[in-house]
Amino acid sequence: MESDAVQSESAYDANVVIVNSCTVTAEADRDVRQTIRRIASRNPQAEIIVTGCYAQRAPEELATLPQVRYVVGNSHKPMVGEIALNLLDEDFSTHGRAEIVCSSIFLERELKPASHVGSGGRTRAVVKVQDGCNANCSFCIIPSVRGRSRSIDPEAAIAEVRDLVGRGYKEIVFSGIHLGTYGRDLQSKTTFYQLVCRALDVTGLERLRLSSIEPLEVVPELIELVATHPRMAHHFHIPLQSGSARILRAMYRPYAPQYYRALVSRIREQIPDAGIGADVMVGFPGESDEDFADTYRLIEQSPLTYLHVFPYSSRPGTVAAGLPNPIPEHVARFRAKALRNLIAEKHEQFLRSMIGTEIEVLTLEDGTALSSNFVRMVVANVSGESPVNEWVRVHVTDMEQFRVNLR
C-alpha cells in the first residue's frame, strides 16, 4: 500500500498513535490506561489504536477510553498497519464508539518475522523467534491472549539475523514468550539450541544474547555453548517464581526448588562471570511466611545477580484467581521490598567482583555500555563524550563506573 505517512517523533504530535499493551499484571493494565489518557489529554486530535495482550483479553474496557478508535487483539495484530494507514484518510469528527477487532481464534497460523526492535541506536536488535505458550501456569493469562506456541521458520529467522547484521547491529537478542519450546511446532523438527548454533555461523554477527528461558529448557549443551563460544553473551535469565515447592506446585510450575538451585549453580561453575537473572512472584494465594522464607533463602544462597520481583496480581480466567487465602497487598509489598533489598546487596557484590578486571562492552546511544554479562557501565572518551555502537575494552577500577546500576 502506497502512503505518504511519516513517523512522528512523539505520540503527542502524531495523528495516529498505536499503543501496544501488556496485561500480565493489574499494574500493567493501569499503565496502559494511564498512557492512553495522557496521550488523549496532550494530543486531543490523536486517533488511538490499542493492540496487544490487554486488547485481546479485555477489548470492551479499552474501547471506552478517550480517543480510542480501534481495539485490535493479538488475533488480528497483523492488520494494525493497514488500519493505521486507513485512519489517516478518515474524518475524526465522525468517530463514535471504538471498533473492536478481536477473536478468540488466532489468525497467525505461522509466525512470520516481525519488524525488529532496536535499542541504543543501531547497536542491539531483538529478533522474536517464538510466540505463544502451551504451558498453563495457574497465575498466567498469556496463553489465552497469545495463543499456542508458534515458531518462526529457521530459514526466515537466520535471514533476519543476516539482514540486521548487514544493517550494522552488533548484538542480536533472540526472544520469545516460551523461547525454549522453539521448533516443536514446525514440520521439520528443530530445537532452540540448533537455531542458536546456526545464528552463530552468520558472518559478521558479533554477539548473540538469549532472553528469558524456562528452567527445564536450559539444556546442558546450551550452557556449554554459552561457556565456550566467544560470541555468546554470558547471560541467562531463568524464571524462578517461587522457592517454595508447595507454591510451585500450586503455580503449576514443573520443577522443584532443588532443581533450580542446582541449575544456576551449574551455570556459575561453568561461566564464573555470568549474569544470571530471574523472575520472582510474591504474594501468591496461600503463600505463608514459611513459603516466602524458602524463596528468600534460595535467592540468598544462589548465584543470581539480579531479579524482576512481581507482587501477585489476580488475572480473570486463570486458575489462581479462584484460589482461597489471598495475601494482603501490604504483605506482598513488604515481601517484594525484602527481595529487592536482598538482590541489591547481591548485585553490588557481583559488581565488586569485577573490579580489577578488563571487560569488553558495547556502547549504546544513551551514554552507557553493556557488557556480555548484562552489566551497564558509564564509558566516556578523553573529551568526555561517549562513542556509540563501538566495542570498548574497559579496565574496571571502582564502583563509580557502575553508578548506572546503583541508582
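Let's start with Asn 325, which is found in the loop between β12 (306-311) and α12 (329-352). Those labels are DSSP runs numbered from the N terminus: helices are H or I with at least four residues, and strands are E with at least two. Keep in mind that this is a predicted model, where local features need pLDDT of at least 70, side-chain atom pairs count only at pLDDT 80 or more, and totals for chains, interfaces and linings use all residues. Residues are numbered from 1 along each chain as its sequence is written, and side-chain values use heavy atoms, with hydrogens and water left out.

So what's up with the backbone? Most residues other than glycine have a negative phi. Asn 325, though, has a positive phi near 60°. This asparagine is exposed, with a relative accessible area of 52% (exposed means over 50%, buried under 20%, and partly exposed in between, using a 1.4 Å probe and protein chains only).

Phe 374 also has a positive phi, near 70°. You'll find Phe 374 in the loop between β14 (368-371) and β15 (376-378), and its 33% relative accessibility makes it partly exposed.

Now for the cysteines. Cys 53 is buried, at 4% relative accessibility. For Cys 137, the closest cysteine sulfur is in Cys 140, and because the two sulfurs are 6.0 Å apart, they are too far for a bond. Cys 137 counts as buried as well, at 14% relative accessibility.

Conventions: Disulfide = S-S within 2.5 Å.
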